[in-house]
Amino acid sequence: MSWIKNRSTTCEEDRAYCLFGIFNVEMRLLYGEGEERAFERLRKKISKHDRDLSSLHSTDPRLDKKRIEEAKGGLLAGAYRWVFANPDFCRWRDRPESRLLWIKGDPGKGKTMLLCGIINELERAIVADGHCCNLAYFFCQATDSRINNAINVLRGLICLLAHQQPRLISHIRKYTDAGKSLSDANAWFALSDILEGMLGDPNLKLTYLVIDALDECMGDLPRLLKFIVRMSSTFPCVKWVVSSRNWPNIEESLEAAEKKIRLSLELNEESISSAVSTYIQHKMDELARLKRYDDKTKNAVQHHLTRNANDTFLWVALVCQELTNVSRSRVLTKLNTFPPGLDSLYQRMIDQVRHSDEADLCKQVLAILSITYRPITIQELTSFVDIPEGISDELEFMTEIVGLCGSLLTLRETTIYFVHQSAKDFLLKEAAREVFPSGIKDIHHTVFTRSLHIMSGTLRRDIYNLGAPGSSI
């Protein structure tokens, strides 16, 4: 629209008609209808394009990426640039026959931020080459129901592809124009058919598809893995990057893919170690400025982090977060209380919760957040826990309780998240006896009954005054 604004055409209607290709729409040419009417018809076609895409949206992967980067403290180039010199990555990038790259590693090794860095570099290359490629991506997170299942993975990839190459939306319209639903029991089959049609489209540009954290795809993961294997073996102009933990079932499924390449973070110890060292330096600079460490304190903290990190970004991040709550005078005596290894660190946090003044309430909070199927807000949390009498501001009080749960939880605006999926896994397994002393079913029952109680305060039974609901039959 900006391009056409200051241009003139021989026929006034052609100012609208010449935009058909840009917007990927088809319209009858009705010379004599006038410029205003032609643009009105064009806008209706464009709005239909937007409605077709909005019917797919469960979330915008571009915004998810920004949120994840911000939550992890920003993307540090020195922590991921090593991958671009890695022989396995270069083989996948440079050889046309190499179509699937699987990046695998243990929790906290930096897989998500590594994929964020890969996406950024691919975006820069695409812009430099004049947008001759497509790039679509999706970040799975087990704790968020919008982005933890295979159907929404397909939705996200389809939406980004359609945004970048609008001609591909014709594959969506086969379903929307026929009035077929993309959200019913057959959604997987419709969406996989749409994406397969897009990837097989003769006009498709070279396309990169990136999926992070396959292990956090809680719904239909086997279907998604089979689809990735089949698509990566079928379409030569599509290159895939996927990441996950070292799970045998994922390895077994991806084994069937042709032209695949594995990039194991554990087998690239030197590169990861160097990246973690860069990350430690970055976090130390932040911490030293915030807490005004002297050189002796800074060097001691940096030495402890380097010696105990075991090449795990998350461990460094959690320890640094804990240190923000330690006074400068007590840092050196506190250092040895941070054991190496994520599980050991999580256990230390549970021990801290156990000895806090609000131990029972903190355990309630951790138990409830462990069994809910999406992150909940502070306000929602107040409905599920036993708040002591005499508390004047419940939201402020619960915010303090969340803060007492060590570094297991993080608060973004008013929504509570686990700091990492591995923290939730630890509570559900290693710390289950501590967090669920009466069993996990008891917590489910508590949330269920209190939800009914909250609803009964607003809703009433028999709103149509039927008396005996079955009598009209």
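**Close-up 1. Phe-84 is a buried ring in this predicted model.** Its relative accessibility is 16%, so Phe-84 counts as buried. Tyr-80 has 5% relative accessibility and therefore counts as buried too. The cut-off behind both calls is under 20% relative accessible area.

**Close-up 2. Tyr-80 and Phe-84 form an aromatic pair.** The structure holds 10 aromatic pairs. In the pair of Tyr-80 and Phe-84, the ring centres lie 6.1 Å apart. The planes meet at 85°, so the pair is edge-to-face. Planes over 60 degrees apart receive that label.

**Close-up 3. Ring pairs build a cluster that includes Trp-92.** Its members are Tyr-80, Phe-84, Phe-89, Trp-92 and Tyr-208. Lys-239 places its charged end over the ring of Trp-92. The distance to the centre of that ring is 5.5 Å.

**Close-up 4. Arg-412 lies over the face of Tyr-417.** Arg-412 is 3.8 Å from the ring centre of Tyr-417.

**Close-up 5. Helices α13 and α15 pack against each other.** Helix α13 covers residues 269–291, and helix α15 covers residues 313–323. Their axes are 10 Å apart, at an angle of about 10°. Angles under 35 degrees count as roughly parallel, and α13 and α15 are therefore roughly parallel to each other.

**Close-up 6. Residues of α13 meet residues of α15.** From α13 come Ala-275, Val-276, Tyr-279, Ile-280, Lys-283, Leu-287 and Lys-291. From α15 come Phe-313, Val-316, Ala-317, Cys-320 and Leu-323. The residues of this contact divide into 10 nonpolar and 2 charged, with no polar ones.

Key: Residues are numbered from 1 along each chain as its sequence is written. This is a predicted model: local features need pLDDT of at least 70, side-chain atom pairs count only at pLDDT 80 or more; totals for chains, interfaces and linings use all residues. Side-chain values use heavy atoms; hydrogens and water are left out. Axes are lines fitted to C-alpha atoms, for helices over the stretch in contact, and angles run from 0 to 180 degrees between N-to-C directions. Helices (H or I, at least four residues) and strands (E, at least two) are DSSP runs, numbered from the N terminus. Angles under 35 degrees count as roughly parallel, over 145 as roughly antiparallel, 65 to 115 as roughly perpendicular and the rest as oblique. Contact means heavy atoms within 4.5 Å. Ala, Val, Leu, Ile, Met, Phe, Trp, Tyr, Cys and Pro count as nonpolar, Asp, Glu, Lys and Arg as charged, and the others, Gly among them, as polar. Rings of Phe, Tyr and Trp (its six-membered ring) pair if their centres lie within 6.5 Å; planes under 30 degrees apart count as stacked, over 60 as edge-to-face and the rest as tilted. Buried means under 20% relative accessible area, exposed over 50%, partly exposed in between (1.4 Å probe, protein chains only). A charge sits over a ring if NZ of Lys or CZ of Arg is within 6 Å of the ring centre and within 35 degrees of the ring normal.
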